[in-house]
Amino acid sequence: MGLSAAQIQKAADLKQSLLRAAAQIILRAGVQALTLEAVAKQAGASKGALLHHFRSKSELLEALMDDLIARFEADLSRFAQADPDSRGRQTRAFINASANSPTDENRLGVAIAAALLFDPALMRRWQDVATRWLEQDLTEADPVQATILRLAADGLWVSDAFDLYPMGPEQRRAVVERLLAMTRA
């Protein structure tokens, strides 16, 4: 006998609740504070319920990374579809998606990126995704310029996450506009 639609939805809701709880812990206290027990407690779930969805901290981090990637790729797609100029479209989409991602997502992404240093399998997955994104840029623009702009957009993303180079809204907007203009040069 299969699960009902309500049971399937309840399981999906719990999984999302667990991911939100894990993200809150990471944003509040860092990846080192992320434990399965802490996530279950934060989500108001049993550890058994958590283990049903995520058998390890590594699986939980992988799911968080997948969730961030899916949201970022949705933004990439949205920006690319809105751009009528095919030359440099993916690079502009990447710049726009990076520049417009919420601060908490940036901070979470950087925290997960730090965790990648200790998990070679997760690092390879991230490298594969980044390579795929860059390859899209390189097929439609000058490869050197696309790489430089990608590095600049990544730098903006990290700067936003850590508030490294604080800029006022006007300066930040001017930086993003200059990067976008460079895709058309």
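Guide: The chain is assigned domain 1 (1-55) and domain 2 (57-183), with bounds that come from an automatic or database domain assignment. This is a predicted model, where local features need pLDDT of at least 70, side-chain atom pairs count only at pLDDT 80 or more, and totals for chains, interfaces and linings use all residues. Residues are numbered from 1 along each chain as its sequence is written, and side-chain values use heavy atoms, with hydrogens and water left out.

Visitor: What separates the centres of the two domains?

Guide: Taken over C-alpha atoms, the centres of domain 1 and domain 2 are 27 Å apart. The contact (heavy atoms within 4.5 Å) involves 14 residues from domain 1 and 12 residues from domain 2.

Visitor: And how much area do they bury between them?

Guide: About 1300 Å², with 73% of it on carbon and sulfur atoms. Buried area is the accessible area (1.4 Å probe) that two parts lose on being put together, summed over both.

Visitor: New topic. How many salt bridges cross the interface?

Guide: The rule finds one between domain 1 and domain 2. A salt bridge needs a side-chain nitrogen of Lys or Arg within 4 Å of a carboxyl oxygen of Asp or Glu.

Visitor: Which side chain does Glu59 meet in a salt bridge?

Guide: Glu59 pairs with Arg55, at 2.7 Å, N to O.
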